[in-house]
Amino acid sequence: MKIAQLAGSAAIALLSANAAQAQQTELTLCWAAWDPANALVELSKDFEAESGIKMKFEFVPWPNFADRMLNELNSGGKLCDLMIGDSQWIGGSAENGHYVKLNDFFDANGITMDAFVPATVTGYSEWPKNSPNYWSLPAFGDVVGWTYRKDWFERPEIQAAFKEKYGRDLTPPATFAELKDIGEFFQGREIDGKTVYGLSIYTERGSEGITMGVMDVLYSFGFLYENPEKPYEMEGFVNSPGAVAGLEFYKSLYDCCVAPGTSNTYMGEGIDAYKSGQVAMQMNFAFTWPGFEVDPNVGGGKTGYLVNPAGPDGQQFAQLGGQGISVVAYSEKQDAALEYIKWFAKPEVQSKWWSIGGFSCLRAVVEDPAFATSQPYAQTFLDSMAIVKDFWAEPSYASLLQASQKRFHDYVVAGNGTAKEALDGMIADWTEVFEDDGKL
């Protein structure tokens, strides 16, 4: 009996020691400062309660997010134990040893990538692409789509005016040509005593904005990053006739249909323009949609959600957003960080994540029969994630992005040169990057 008592006392002491150690452990999760991050703070309270591990958060505004966090990774900093990094970072973070490879951890804990939406696995987790090498767990699905003022579209007097001008009913656009017609129709129109404008599109120069907007259109006009049969061969693909037409079209949207003074706009400016009733349609990532539903000006059935329209030949793609969650290789608390990922991957956690404003990538959540009607934008999210494409995820993605930002902004906003010259110049820039990387 005495031996049993001693064993019991030792077990209790061990449990107490483990609990005390967990209580002393503090993980820092780094991400962008936006509404989904606030939702993750709330969600993570459940992890704290279950594990005894305290969560801290380091959130950085989007315009500074990449510079701040890539500097942290490149310097081997220990600020972040967990990183929800952008999809384009995956190549550099894998090859430079910033992220912990998760294959063995996934296998040991029964986490399979087959359980997640395929596009998010490719976009957020794999490097090299289309290989079973995983560096993150898909954390937040996102994609560029459109919102439109459903309440304006449904007004009889607006419907009549549109039909008189275009000979067809005013309905959400299925093609980019129809979208431009709608933009032109609303441009400068007076609604409720206020002058409104057609569209809000991405034009931001400093980080990634105009590239995300332009590519969202170019994909559906036939743009390809490279020859599918020969990696890094870009001539005739980046600057194909379809790609040229797509870039000309994007500039035509800027010239015809945006509000004055919107030469440097991205996510935040688009949200403000839409909520304030300045524009009839807005290009933006899906993460904005929950906020619109509860907004007093545009919520309550006033907003419609739209998959990115099709191009002139019927092709239809959309720019991928979103991120995966990774364990930072420089963290001294990797075991605890892995516990967080194991917890986050649970179906019940993912279901709650969706319910409070996160965009789950788990198939058990998004393929549930009740999902499509769970929110007014849920079906649009599903349809959009089925047609995504993404920017280069190469280790040198930042240099590739700087080139596209400059070339696109100089042409679309500043009006310098032609679309063909802009794309030719981008090929020259990208070729130089890949030559420096030894890939050409």
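The model is predicted. Mean pLDDT for the protein chain is 95. Of its residues, 95% reach 70 or more. One stretch stands apart: over residues 10-22, pLDDT stays under 50. For that stretch the model has 3 contacts beyond four places in sequence.

The structure holds 3 cavities of 30 Å³ or more. The largest cavity contains about 90 Å³ of space. It is lined by 16 residues. Closest to its centre are Asp86, Glu208, Phe285, Gly321 and Gly322. By class, the lining divides into 8 nonpolar, 5 polar and 3 charged residues. Strand E10, residues 318-327, gives the most to this lining, with 4 residues.

Where does the largest cavity lie relative to domain 1 and domain 2? Domain 1 covers 26-142 + 321-389, and domain 2 covers 144-319 + 392-436. Both give residues to the lining of the largest cavity, so this cavity lies between them.

The second largest cavity holds about 40 Å³ of space. Its lining consists of Gly85, Asp86, Ser87, Ile90, Tyr99, Tyr124, Ser136, Gln323, Gly324 and Ser326. Two elements, strand E3 (82-86) and E10, each give two or more residues to this lining. The largest share, 3 residues, comes from E10. By class, the lining of the second largest cavity has 3 nonpolar, 6 polar and 1 charged residues.

Key:
Residues are numbered from 1 along each chain as its sequence is written. This is a predicted model: local features need pLDDT of at least 70, side-chain atom pairs count only at pLDDT 80 or more; totals for chains, interfaces and linings use all residues. Side-chain values use heavy atoms; hydrogens and water are left out. pLDDT is the predictor's confidence in each residue, from 0 to 100. Contact means heavy atoms within 4.5 Å. On a 1 Å grid over the protein atoms alone, a cavity is a set of points where a 1.4 Å probe fits but cannot get out, and a pocket is an open set with protein on both sides within 12 Å along at least five of seven lines; lining residues have an atom within 4 Å of a point. Grid points are joined across faces, edges and corners, and a volume is the space filled by probe spheres set on the points. Ala, Val, Leu, Ile, Met, Phe, Trp, Tyr, Cys and Pro count as nonpolar, Asp, Glu, Lys and Arg as charged, and the others, Gly among them, as polar. Domain bounds come from an automatic or database domain assignment.
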